[in-house]
Amino acid sequence: MADARDEIDALIGQFARLPGLGPRSARRMVLHLLQRRDQALRPLVMALDRVAQTAQPCQRCGNIATAPICDICADPRRATGEICVVEDVADLWAMERGQAFTGRYHVLGGTLSALDAIGPDDLRIPQLLDRIASEGVREVILALGATVDGQTTAHYIAEALEDSGVTLSALAQGVPVGGELDFLDDGTIGAALRARRAF
Amino acid sequence: MSVHLSHLTLSHFRSHQRTRMVFDGRPVAIHGPNGSGKTNILEAISLLSPGRGLRRATPDEMVRRPQALGWKLRAEFATQDGPRLAETWAEPGQSRQVRIDEKSTTQLALGSLAPMLWLTPAMDRLWLEGAEGRRRFLDRTTLSFAPDHAAQVLAYDKAMRERNRLLRDGVRDARWFAALEAQMAEAGARITANRRAALAALADHADPDSPFPMAEMTLDCTAPDDLASALAENRARDMAAGRSLIGPHRADLRAVWTAKGMEAAQCSTGEQKAFLISAILANARALSAQTGTAPILLLDEVAAHLDAARRAALYDAVCAMGAQCFMTGTGPELFAELGLRAQAFAVAEKDGVSQLSEEYP
C-alpha cells in the first residue's frame, strides 16, 4: 500500500502540471486543502466529480456544456443570424465576459499550423459550414488571434465561405479601452492608425 | 542633445574580469594589440541594443573562461531627461536578461535607449559573399528607420516556414496554401516597402563631398507586386524544390559605384570598405535628421584599410555629426588625427585578463 506521503506528492504533481501552477504553488494548494478538509477539500472533490460526470462539448458549437447542447445554442434569443468564430473555449468565455455579443459561437478547437501538424481536418470547419446552411446565418465574425496562425486560419475560413453568401467580418485591432497610447507597442499603434475611422 | 553612453562596467564578460569606463560623449578610440579585448568592449556596448550583438554570439559564448560564472554589463546613458540605467546579464546556460532603470524588461525595450549602428571586419566581405549577409545588413539598416520591420520579417518567416512544411509534406490543400500566401504577401509588401524607404533615406543623406564614395544601392528583388498570385502559380515548382523560391526572402542588396560603373564586388578591398563606411555615415545622418539624436556608432578595426587622409575624413565626419563613436585599432597612431576631439583608451592582455587604462595627452 502506498505511503500517504507518496499519495500527497502524487497529488502535488498533478496540480503542478496544471497551467499557471508550479511545484511551489501546487504544494501550497495541497497543504491548504489538507488543512481544510471539510470546507475546501471535500467540496472540491465533489465539484470535480460532478464536472467529470457532466461536462461535455456542445454538439453544435464546441463550447463546454453539461448537456448535449449548451445554454447559448439552446437559447432562441441568441439566434441572431450572427456566429462568432473563436479558437478555443477560453476565447468564447472571454467574449461572453464582455457581454457585447448576443449571437452564437463556433469553437474551432485550435488554429491551422503546418509546423504543429494541425490541419483543416483537425479543426471544426466542416461543422461551421453545416451550421451556416442550417441556421440561417447572415454574418460570420472571425474573432481569431492577431498571430500568423490565427490570421492564416481566418484567411482559410474566409475562402471556404466565399460562395456561402454570408457577410464576413473580423475583430478590429488597436487601442484597448482605457489604454494610453504611451503604453502601446509600435505594431498596435500602427494597426490602430490603419484601422482609424471618421470621428 | 544626443544621447551618449556615460558609464560602462563589464563583469566576467569574455576577457574582461571587471572593466569600468567613464565616457564624456566625445568619440572613443580604443587601441591595443590583437586579442587584447578591444572588440569585446564594442560587443558589450552592442548588447545594449536588441538582438545578439555585433558578433551574433550566444550568451554562453560571452562567458569568461574558465570560471564560467555568467556575465553582466551595467551601463548608464546620459539623456535629455536625465540618466538611464541599463543592465543586461546571463547566468550560465540561461538566456540574456535585461533591466532598465532597475525594472526587468524585454530586449526590445533596449531599442528605446539609444539607436546604435556598427561596422565590423566580418562585414568587409559583405559584397563578395552570399546574399544572406547583405539582407541582414539591409534589414538592420531598415530596422533603424522602421521599428515595425522586425515584426514584419518575423511574420513573413513564420508564414513561409509553414508553407515550406506544406510543400515538403506534399499537402495539396489549395485553400491552406492561399491563406499562408496571403500572409506572406501582406508582410512581404511591407518588408519590401520598408527596405526601399531605408535605401532612399541613405541616398538622401549621402555626402557627395566625402572621400568615401557612396555606392548606388538598389534592392534586387524578383518578388512580383502581386506576390500572393505569383506564389500560387509557383506552387508546383516550389513543391519540387521543397521550399519557396520567390519572395522578399530571396532579395539581394546590389551596390554599384556609379562613377566607375563597377559592381561593388569588382572594386578593391579599400573601396568596398569605403562603401560600407559611407552607408553607415549616411544611415547615421538620416537617423539624426529623423530623430534629432545621432546614433551611437561602433566601428571595429575601421582604420585598418584606410590611408591617413581617409582616416582624417572619417573622424571629421563623425565629429561633425556629434555622434559618440567607439573605434578600435591596433595602435594609437591610427587615431592621431582625432587629437583632443576623442577620448583614448589602451587595452592590454595579461594572464588572459584585459587591462584597460585611459590615456591623456
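Rings of Phe, Tyr and Trp (the six-membered ring of Trp) are paired if their centres lie within 6.5 Å; planes under 30 degrees apart count as stacked, over 60 as edge-to-face, and the rest as tilted. With this rule in hand, Phe23(B), Phe326(B) and Phe345(B) are found to form one aromatic cluster. The structure is a predicted model, in which local features need pLDDT of at least 70 and side-chain atom pairs count only at pLDDT 80 or more, while totals for chains, interfaces and linings use all residues. Residues are numbered from 1 along each chain as its sequence is written, chains are lettered from A and ligands numbered from 1 in the order in which they are written, and side-chain values use heavy atoms, with hydrogens and water left out.

A pair of aromatic rings is described by the distance of the centres and the angle of the planes. Over all chains, the count comes to six aromatic pairs. In one of them, the ring centres of Phe101(A) and Tyr105(A) are 5.2 Å apart and the planes stand at 65°, so this pair is edge-to-face. Phe101(A) counts as buried at 11% relative accessibility, and Tyr105(A) is buried too, at 1%. (Buried means under 20% relative accessible area, exposed over 50%, and partly exposed in between, with a 1.4 Å probe and protein chains only.) Trp257(B) and Phe275(B) also form an edge-to-face pair, with 5.7 Å from centre to centre and 75° between the planes. Because Trp257(B) lies in strand β10 (residues 252–257) and Phe275(B) in helix α7 (residues 269–291) of chain B, the pair ties together parts that are 18 residues apart in sequence. Trp257(B) has a relative accessible area of 12% and is buried; Phe275(B), at 2%, is buried as well.

Next comes chain A as a whole. The secondary structure of chain A consists of eight helices and six strands, where helices (H or I, at least four residues) and strands (E, at least two) are DSSP runs numbered from the N terminus. Along the sequence these elements follow the pattern α-α-α-β-β-α-β-α-β-α-β-α-β-α. The radius of gyration of chain A is 21 Å, whereas a compact globule of 199 residues would have one near 16 Å; the radius is taken over C-alpha atoms, and the globule rule is 2.2 Å times the number of residues to the power 0.38. The C-alpha trace of chain A spans about 65 × 45 × 35 Å along its principal axes. Of the 199 residues in chain A, 32% are buried. Among contacts (heavy atoms within 4.5 Å) between residues of chain A at least 6 apart in sequence, 46% join residues at least 24 apart.

Chain B can be described in the same terms. Chain B contains eight helices and 15 strands. Of the contacts in chain B with a separation of 6 or more, 68% are between residues 24 or more positions apart.

The loops of chain B hold several local features. Most residues other than glycine have a negative phi, and most peptide bonds are trans. Arg14(B), which is not a glycine, has a positive phi of about 50° and lies in the loop between β1 (4–13) and β2 (16–22) of chain B. Asp101(B) likewise is not a glycine and has a positive phi of about 50°; Asp101(B) sits in the loop between β6 (97–100) and β7 (103–105) of chain B. With a relative accessible area of 29%, Asp101(B) is partly exposed. The peptide bond from Arg65(B) to Pro66(B) is cis, with omega near 0°, and Pro66(B) belongs to the loop between α1 (38–46) and β4 (71–79) of chain B.

Pro147(B) is located in the loop between α2 (131–145) and α3 (149–169) of chain B. Is Pro147(B) buried or exposed? With a relative accessible area of 53%, Pro147(B) is exposed. Pro147(B) and Asn194(B) are 47 residues apart in sequence, and 9.9 Å apart in space from C-alpha to C-alpha.
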